Amino acid sequence: MKRTSTAILALTLAATLFAGCSSTGGFGPEGTQEVGAGAAPAADTPEAGPEVPAQADEVVFYCLSFTNIPDSYDQVNTAINEHIAGTYPEANVKLKLQLFGPVEYEEKIRLAMQSGTPVDLFTPLGLANYVAQNQVLPLEDLLTEYGRDVTAIIHEDIGTDAFKTYEINGHTYGVPINKGMVVTPTLIYDKDMLAATGYSIDSINSLRDLPKVFDKIKELYPEVFPYANTNQGDTHIIPILAGENDIDVMMDRVTYMGVVFGDSGQVVNLYDTPWFAEYVGIMRDWYEKGYVPKDMATSPSTATEYFNAGRLFSTIAGYGGNEIGALISASTGRNIGNKWIAPFYFDSSAASLATAVSSTSKSPAAAMKMINILYTDEFVINTILYGIEGMDYVKVDEHHWTYPEGKDVNTVSYTAAFSTGIVGSEKLQLQTAGVSYEDVLLKLRQNVECKRSPYYGFTFDPSKVVNEITALNNVYSQYIPGLVCGSLDPAVALPEFNKALKDAGIDALIAEKQTQLNAWIAANR
Amino acid sequence: MPGVRKTGLKSHPRREHSGPFLLIALPGLLYLLVNNYIPMFGAFIAFKKLDYVQGLFKSPWTGFDNFKFLFQTKDAFVMVRNTLLYNLAFIALGTVCAVLIAVLMADVSRMPAARFFQAGLLLPNLVSMVIVSYLVYAFLAPETGLVNTEILPAFSMEPINWYSQAKYWPFILILTQMWKTAGYTSIVYIASIAGMDAGMYESARIDGAGKLRQIFAITLPLLKPTIIVMVLMSVGRIFASDFGLFYQVPMDSGALYDVTQTIDTYVYRGLMRFGNVGMSSAAGLFQSVVGFILVLGANSLVKRFSAGDSLF
């Protein structure tokens, strides 16, 4: 009896294993099947519109989507492929779009690459890590051969140096998403309340100008907070500092560890500078005077909620363009204005996400041909974003779209409307009704006109200091929210914070950044 | 029939009859094998620097490099200390609470209200930690929480900014954990009390033993094996922590890290940005190996002091 049961066990186990293989193997079957099927219907059907050639190279695009993932989007794939077959017959490619939410996105890419499931194009979140693990292909040769149109449009919209920040060890690994990259620290304020204080917006040009207005606000509206965060635990003072002092953050726009001031060429610890100490002091002052909610460092309630409740005068956050006030007014029903409060300093970290080609791609050439279409074809871009015209979205005018009558983002059968930062070129995207197209063009102009760091194009390879960065991330999240929101007393916490950074190895990180920066400067002189 | 039974009990009590039982266990065993044993094979990734082109097997070996980040800073001490101490507290207090609930429930179980109580005990365990964190927040929010707006003023005390005061959190976390898990853990004890021979209680009562006497002289000694098994099982998880409890409930507040940082939250915070498969495997392997050693150790201790009660 015992033996039989072991045998059953072994058999079942074997069956499971083989089943696993055939479903995830994916190396041959799908491809060969298609070639076979493609040979049969060679006879043309002339009146059936552009037929998608079955032997076209299929390019699988893992697309990040922030809306509900629709159950089925065959229609969208079919529409795009008919268009591609009709417009670019010589390219001989077809698209297989696959949407994933942000939670599972990177996991899905890893799984597909490990199991051999086809994936050609995706949007790496943190390109350097993907390069370090050999997950993406160098693109420079492919770009010259198959990517002339995409290169041209990116040079025009971002600048001729646009590809520099996606270069690692002499190879280009990504095609930047073509959109406005400048995020200017912007003061967003309640216009009616400001009018009641008697101050003019022209008199507010930096953080230091705000307390006088705040005092008046507190006096007039005791229930209203003069200031609250847009993002949890972040008063935005570090981006303001970076903009005001020409700080190149050396690719770290999350924790700002190891930065360069101006053209000094010296990597330093931002948190150990008098500038940081001063701003942390200002925030402590705001906290003690009650300008901000006491629980701002940890509270999940943010500026949007306070605005909605009519209990907030102002917030500061980074935005592209210059019309965010109008958008917030529309969504909150209040009279909100906006004003740039500090400049933006264009360094390598400003670069947007990029589209990359998977190192497991069967046909990198087809993948690049598809990138060329993705960035330059209005129909393909807008179909991926908004679905089928008339069914999933309707055009308001040349540049604007909206949901069909009675539908919204949750009820429409297909939409990836929040992926505008993932797919293609911003000026070819239809804009949400209400957004001014002028503002889109302004954003692209800012790309080219913004003050650039002399180290623009430097990228940092973190692989040698991963242990230090891991430890530093923890120190950062332990101290920074409390410091920048004023709930920690800087007299005590700031030295403690810097000591903890030293213990966690910030010096090693700075030294590594300096070495790489020196090498980059030497190579780019 | 009686004869068969007799020999079955005397000579080889297990072998002859084990076949059908093994069949019943088959799905479970298969599940264990597929879900728990086969993946163990992947533990070698902890010693690799993963390269996606070369694949899992051909990626270069890196020795113990992937483990270094766990011990890089003095955080290592804090997180190991927190993980161990909290788990010890959970095991000790959790057992006491669960047994207490079970003993109390044993006398209620015949009343119609018992169903209501049992459901009530289970309910907290079904609530997701994210929701628990907001329940806690409803009590402790600095500006709007029940404690600061109603309870403390009633005793004319100053409001406390709970989410930036580390000293209160060991108690808050333990209390939350007990609220959530004690009822659920008590089920095993309730079941084994229900299985105890009612005759013993009857004769104890005839001999004049009171309720307390019955509990200490009958219930607790009979519960001992169950308690030991349950404790041993939780000792195996002593290096793991409930991520939700330590990350969500304190609202990821930096000021509280000294008392809320555990191995799991450290790994999460540190590796979020890298997606490094090798380092995360290293952390998981480390927790499992230490847990395994602790179970072996605890088991051999039990064996020494009370041979019949050990797990294996």
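Visitor: What makes strand E6 (residues 175-176) of chain A a partner of E14(A)?
Guide: Two strands count as paired if DSSP finds at least two bridges between them, and in this predicted model two bridges join E6 to E14(A), so the pair qualifies, with the strands running antiparallel. The strands themselves are DSSP runs of at least two residues (E), while helices are runs of at least four (H or I), both numbered from the N terminus. Within this pair, A:Val175 stands opposite A:Thr355 in E14(A).

Visitor: Which other strand pairs with E14(A), and in what sense?
Guide: Strand E3 (residues 121-122) of chain A does, in the antiparallel sense over two bridges, and the bridge partner of A:Leu121 in E14(A) is A:Val357. As for the side chains of strand E14 (residues 354-357), A:Ala354 and A:Ala356 point one way and A:Thr355 and A:Val357 the other, and all are buried.

Visitor: Why is A:Met257 called buried?
Guide: Buried means under 20% relative accessible area, exposed means over 50%, and partly exposed lies in between, with a 1.4 Å probe and protein chains only; A:Met257 has 2% relative accessibility, and therefore counts as buried. A:Met257 is found in the loop between strand E9 (247-248) and strand E10 (259-261) of chain A. Contact means heavy atoms within 4.5 Å, and, leaving aside neighbours within four places in sequence, A:Met257 is in contact with residues including A:Tyr271, A:Leu472, A:Tyr476 and A:Lys513. The C-alpha atoms of A:Met257 and A:Ile510 are separated by 7.8 Å, although these residues are 253 apart along the chain.

Visitor: What makes E15 and E17 of chain A edge strands?
Guide: Three strands form an open sheet in the order E15-E16-E17, with mixed pairing. Strand E15 (394-397) and strand E17 (431-432) are the edge strands, as each pairs on one side only.

Visitor: How do you know which parts to read with caution?
Guide: Where pLDDT is low, the predicted coordinates should not be read in detail; pLDDT is the predictor's confidence in each residue, from 0 to 100. Chain A has a mean pLDDT of 86, with 90% of its residues at 70 or more, but over residues 1-48 of chain A the pLDDT is below 50. Chain B has a mean of 84, and its residues 1-11 stay under 50.

Visitor: What conventions lie behind these values?
Guide: Residues are numbered from 1 along each chain as its sequence is written, and chains are lettered from A and ligands numbered from 1 in the order in which they are written. Local features need pLDDT of at least 70, side-chain atom pairs count only at pLDDT 80 or more, and totals for chains, interfaces and linings use all residues, while side-chain values use heavy atoms, with hydrogens and water left out.
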